[in-house]
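The following paragraphs lead the reader through a single protein model, from its overall architecture to individual side chains. Please keep the structure in view while reading.

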Amino acid sequence: MSQVTSFTQRARASLREELLDAATELLPERGYARLRMADVAARVGVSRQTVYNEFGSKAALVQAVALRTLAEFTEGIQQRLNAAPDVLSGVHSATVYTIEHAKENRLVAAALGTDVAEDLLPLLTTRGEPILRAATEVSMAYLRDRLPELRDTEFVAETMTRLTMSYLVLPGHSAEEAADGVRAVIASLIESSTTK
């Protein structure tokens with residue numbers, strides 16, 4: 001019986017990933033408003049009801065796409081933080097990666113730069129709490145590990161995340177320049193928040 005359950009769980013996980021893949025492909029072309037659950041279902045070859053059964057609503061589906069995309073970003077950020085010789089180099093490297101990867105990621109680039117998908121921008125701004133929280137937690141864990149003497153770890157981590165997102169949403173500098181700015185602010189916060 002456990003093999004049947006295991007197979008069922010694997011099949012459901014696979015279906016969920018296929019639905020997320022389909023929504024990820026459609027969102028840059030259509031944005032939130034023009035995304036239809038029937039179109040997601042058709043891409044995968046299932047009924048519209050199957051998509052609703054899996055996610056409950058279009059908003060929940062799009063949120064799941066956003067969180068999966070965030071997981072991809074946080075994995076890359078974590079790799080750059082861990083590979084860096086020191087905290088500030090890690091902050092710089094992670095910021096460059098975030099900004100450059102956002103330009104390469106079709107979904108994020110569409111949300112940040114096309115009229116069609118501009119209705120996805122709130123997932124990074126006004127409705128961006130899940131993304132902000134998850135990215136801040138990655139930064140907090142990193143800072144706690146590398147700088148255990150740091151006071152106000154959560155504030156420093158959240159500032160780093162918010163500042164990076166600000167450069168991402170309102171680009172006016174190269175990735176390197178943005179990373180220089182984030183590193184300078186975080187260096188100052190670390191210096192003023194480190195227990196002597």
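Helices (H or I, at least four residues) and strands (E, at least two) are taken here as DSSP runs, numbered from the N terminus. The model is predicted, so local features need pLDDT of at least 70 and side-chain atom pairs count only at pLDDT 80 or more, while totals for chains, interfaces and linings use all residues. Residues are numbered from 1 along each chain as its sequence is written, and side-chain values use heavy atoms, with hydrogens and water left out.

The protein chain comprises nine helices and zero strands. Its C-alpha trace spans about 60 × 50 × 25 Å along the principal axes. Of the 196 residues, 44% are buried, where buried means under 20% relative accessible area, exposed over 50%, and partly exposed in between (1.4 Å probe, protein chains only). Among contacts (heavy atoms within 4.5 Å) with a separation of 6 or more, 66% involve residues 24 or more positions apart.

Beyond neighbours within four places in sequence, serine 139 contacts Ala157, Met160 and Thr161.

Salt bridges provide a second theme. The term denotes a side-chain nitrogen of Lys or Arg within 4 Å of a carboxyl oxygen of Asp or Glu, and by this rule there are twelve. One of them joins arginine 68 and aspartate 21, with an N to O distance of 2.8 Å. Arginine 68 lies in helix H4 (residues 58-83) and aspartate 21 in helix H1 (residues 2-34), so this pair ties together parts that are 47 residues apart in sequence.

Arginine 43 forms a salt bridge with glutamate 25 at 2.8 Å, N to O. This pair connects helix H2 (residues 37-44), which holds arginine 43, to helix H1, which holds glutamate 25, across 18 residues. Arginine 43 also forms a salt bridge with glutamate 29, the closest N and O atoms being 4.0 Å apart.

What gathers in a patch of negative charge on the surface? The members are Glu100, Glu104, Glu176 and Glu177; such a patch joins like charges within 9 Å, from residues with over 30% relative accessible area and no salt bridge. Helix H5 (87-104) and helix H9 (175-193) each supply at least two of its residues. Glutamate 176, in helix H9, counts as partly exposed because its relative accessibility is 42%.

Technical notes:
Patch = residues over 30% accessible without salt bridge, like charges linked within 9 Å, V, L, I, M, F, W, Y side chains within 5 Å. Areas by Shrake-Rupley, 256 points an atom, 1.4 Å probe, with all protein chains shown as cover. Lys, Arg positive; Asp, Glu negative; His and termini not counted. Charge placed at Lys NZ, Arg CZ, Asp CG, Glu CD.
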